[in-house]
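Colleague: I would like to go through this model with you, starting with its charged pairs. Please give the cut-offs as you go.

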Amino acid sequence: MIDIRPARADDIVPIVALMRAEGMCLQDLNYEYLSPPVLVAVTDGRIVGVISALLGQPVAYMATLVVDSSAHLGRGRIGELLIHCMETWLRALGCTAWAAFFVDGGDLQHLLPHWPGAIGREKGQQWVKAL
């Protein structure tokens, strides 16, 4: 079973370990704090995914989506759950749309082309969705 919940202060070490393992950390940055909202996917007491957003009006930006590549539950499923839950949070916070940029090979690149309502921009690698 996968639980999605808001990240807590004591989650930062396993979140950063996951981000480093998946090649999503810059070497010289201090990752002692991640700006909310940050949600984590947890299974068997282990963090297997994380998503964060930068709040804005009218558009929030999906800042991070990282899923443990060794998670036996499937990266796509965990990523989908994290995005769905973040969309719910963003709506509750008054955001009316979100946008995301992705890097080649990242989790967002695989999910967004099939995400209901998400529209790929012709230039660059940006996706937007009204909430």
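Colleague: Which residue meets the side chain of Arg46 in a salt bridge?

Modeller: This is a predicted model, in which local features need pLDDT of at least 70 and side-chain atom pairs count only at pLDDT 80 or more, while totals for chains, interfaces and linings use all residues. Residues are numbered from 1 along each chain as its sequence is written, and side-chain values use heavy atoms, with hydrogens and water left out. A salt bridge here is a side-chain nitrogen of Lys or Arg within 4 Å of a carboxyl oxygen of Asp or Glu. At 2.5 Å from N to O, the partner of Arg46 is Asp68.

Colleague: How many residues apart are Arg46 and Asp68, and where do they lie?

Modeller: Helices (H or I, at least four residues) and strands (E, at least two) are DSSP runs, numbered from the N terminus. Arg46 lies in strand E3 (residues 46-54), and Asp68 is in the loop between strand E4 (59-67) and helix H2 (75-92). The pair links distant parts of the chain, and the separation is 22 residues.

Colleague: Is Asp68 buried or exposed?

Modeller: Buried means under 20% relative accessible area, exposed over 50%, and partly exposed in between (1.4 Å probe, protein chains only). Asp68 has a relative accessible area of 8%, so Asp68 is buried.

Colleague: What separates Glu87 and Arg91 in helix H2?

Modeller: These two form a salt bridge, with the closest N and O atoms 4.0 Å apart. Glu87 is buried at 3%, whereas Arg91 is partly exposed at 41%. Because they are 4 residues apart in helix H2, the separation is about one helical turn.

Colleague: Which residue forms a salt bridge with Asp11?

Modeller: Asp11 is buried, with a relative accessible area of 4%. The closest N and O atoms of the pair are 2.6 Å apart, and the partner is Arg5.

Colleague: How many salt bridges does the rule count?

Modeller: Side chains of opposite charge can pair when their charged atoms come close. Among the pairs are Arg46 with Asp68 and Glu87 with Arg91. The count comes to 4.

Colleague: How many disulfides does a search of the whole structure find?

Modeller: A disulfide is taken as a pair of cysteine sulfur atoms within 2.5 Å. Cys85 is partly exposed at 25%, and Cys95 is buried at 5%. The search finds 0.

Colleague: Where is Ser52, and which residues does Ser52 touch?

Modeller: Ser52 is in strand E3 and is buried, at 10% relative accessibility. Contact means heavy atoms within 4.5 Å. Leaving out residues up to four places away in sequence, Ser52 touches Pro37, Val38, Tyr61, Met62, Ala63, Thr64 and Met86.

Colleague: Which elements does the protein chain run through from the N terminus on?

Modeller: The secondary structure comes to 3 helices and 7 strands. Of the 131 residues, 43% count as buried. Among contacts between residues at least 6 apart in sequence, 57% join residues at least 24 apart. From the N terminus on, the order is β-α-β-β-β-α-β-α-β-β.
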